[in-house]
Amino acid sequence: MKLLIITLLFLSNLFSSEYASSKVGVKPVDNELYKNECSACHFDYQPGLLPSKSWKKIMSNLENHFDTDASLDNEDFQTISEYLEKNSAEKAMNYKRSRRIVNSIASNEIPQSITKVRYIIKKHNEIRPSLITQKEVKGLFNCTACHTTAQKGIYSERDIIIPNFGRWED
Ligand code: HEC
Ligand code: HEC
């Protein structure tokens, strides 16, 4: 009996850790320079949230980055560009969110931001607009305002808490 319980505990642990790792939908950020330079004004978006053609476009216009100046010196620019290129969504198709993002973008389309990606738009179109524009969130760009585990690359429904609304349930 004891042995049976121990075996069951072992199996259930195994199962839950399996489950936990499969919840990671996008590869977490693992570059210190990127983390430092690209999180001054917003959350450091995982490279796997956009295809490389979008990152190229964004990086080519940092002086005029969403009405701010986010320009970098040459060396940092090279390092960050390479990091984004190597880890962009189409290079991370083993992560399910990256895969769905890539599959939702037409070949002739270059989304200028994550919130312009079809898959991301579709996933958020049931949220009342006032919950997105409220001051605690500001806009859809502010992923960490609602996705409590965004930093870990986890965007699962059960980890969403919208300010002044609470947990999201379908
Ligand atoms: C000086 C502040 C600042 C810095 C530094 C900065 N950004 Fe931004 N970024 C912004 C602002 C402002 C927005 C627009 C947010 C919004 O939608 O209102 C933005 C938006 C974005 C978006 C689009 C988010 C969406 O809405 O889908 C991406 C991607 C992005 N930034 C990447 C980067 C990268 C990569 C770096 C580092 C090279 C960087 N940012 C550094 C200010 C900054
Ligand atoms: C206002 C709160 C809010 C913000 C801000 C927000 N999300 Fe979401 N997100 C949600 C909700 C709610 C859902 C669940 C929608 C559904 O499945 O019904 C969701 C779903 C998702 C999903 C799909 C999850 C699933 O289980 O299917 C992804 C991926 C995602 N969001 C990524 C992002 C990213 C990346 C950002 C930032 C660029 C972001 N979200 C910003 C609230 C938010």
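**Figure 1. Polar contacts around ligand 2.** In this view, the side chain of Arg-97 places an N or O atom 3.3 Å from an oxygen atom of ligand 2. The model shown here, and in every figure that follows, is a predicted one. Two further side chains also meet oxygen atoms of ligand 2: a polar atom of Lys-123 lies 2.9 Å away, and an N or O atom of Glu-157 lies 3.2 Å away. In total, 22 residues surround ligand 2. The closest of them are Lys-123, His-124, Cys-143, Cys-146 and His-147. Helix H6 gives the largest share of this shell, with four residues.

**Figure 2. The iron atom of ligand 2 and its two histidines.** Here we look at the metal itself. His-124 and His-147 each use their NE2 atom to coordinate the iron atom of ligand 2, at 1.9 to 2.0 Å. The iron has six donor atoms, and with angles of 89 to 180° among them the site is octahedral. His-124 lies in helix H6 (residues 118-124), whereas His-147 sits in the loop between helix H7 (129-133) and strand E1 (161-162), so the pair ties together parts that are 23 residues apart in sequence. His-124 counts as buried because its relative accessibility, 18%, is under 20%. His-147 is buried too, at 12% relative accessibility.

**Figure 3. The surroundings of ligand 1.** Now we turn to the other ligand. A total of 18 residues surround ligand 1, and the closest are Cys-38, Cys-41, His-42, His-65 and Ile-114. The side chain of His-42 has an N or O atom 2.8 Å from a nitrogen atom of ligand 1. For the side chain of His-65, the distance from an N or O atom to a nitrogen atom of ligand 1 is also 2.8 Å. Thr-115 takes part through its backbone: one of its polar backbone atoms is 2.8 Å from an oxygen atom of ligand 1. Helix H2 (32-37) and helix H3 (52-59) are the elements that give two or more residues to this shell.

**Figure 4. The iron atom of ligand 1.** Which residues coordinate the iron atom of ligand 1? They are His-42 and His-65, each through NE2, at 2.0 Å. The angles among the six donor atoms run from 88 to 179°, and the site is octahedral. This pair links distant parts of the chain, 23 residues apart: His-42 is in the loop between H2 and H3, and His-65 is in the loop between H3 and helix H4 (74-87). His-42 is partly exposed, with a relative accessible area of 26%, while His-65 counts as buried at 14%.

**Figure 5. Gln-46 and its contacts.** Gln-46 is found in the loop between H2 and H3. With a relative accessible area of 1%, Gln-46 is buried. Setting aside neighbours within four places in sequence, Gln-46 is in contact with residues including Val-26, Pro-28, Trp-55, Gln-151 and Tyr-155.

Figure 6. Stepping back, the protein holds seven helices and two strands. From the N terminus on, these elements run α-α-α-α-α-α-α-β-β. Of the 170 residues, 39% count as buried. Among contacts with a separation of 6 or more, 56% are between residues 24 or more positions apart. The protein exposes about 10,900 Å², and carbon and sulfur atoms supply 56% of that area.

How values were computed:
Residues are numbered from 1 along each chain as its sequence is written. Chains are lettered from A and ligands numbered from 1 in the order in which they are written. This is a predicted model: local features need pLDDT of at least 70, side-chain atom pairs count only at pLDDT 80 or more; totals for chains, interfaces and linings use all residues. Side-chain values use heavy atoms; hydrogens and water are left out. Donors are N, O and S atoms within 2.8 Å of the metal (3.2 Å for Na, K and Ca); water is not among the atoms, so sites may look incomplete. Four donors count as tetrahedral if all angles lie between 85 and 135 degrees; four count as square planar and six as octahedral if opposite donors are over 155 degrees apart and all others between 65 and 115; anything else is irregular. Buried means under 20% relative accessible area, exposed over 50%, partly exposed in between (1.4 Å probe, protein chains only). Contact means heavy atoms within 4.5 Å. Accessible areas come from the Shrake-Rupley method with a 1.4 Å probe; for residues, only the protein chains shown count as cover. A residue is near a molecule or strand if one of its heavy atoms lies within 4 Å of it. A polar contact is a pair of N or O atoms within 3.5 Å; within protein, one must be able to donate a hydrogen and the other to accept it, and residues adjacent in sequence count only if both atoms are side-chain atoms.
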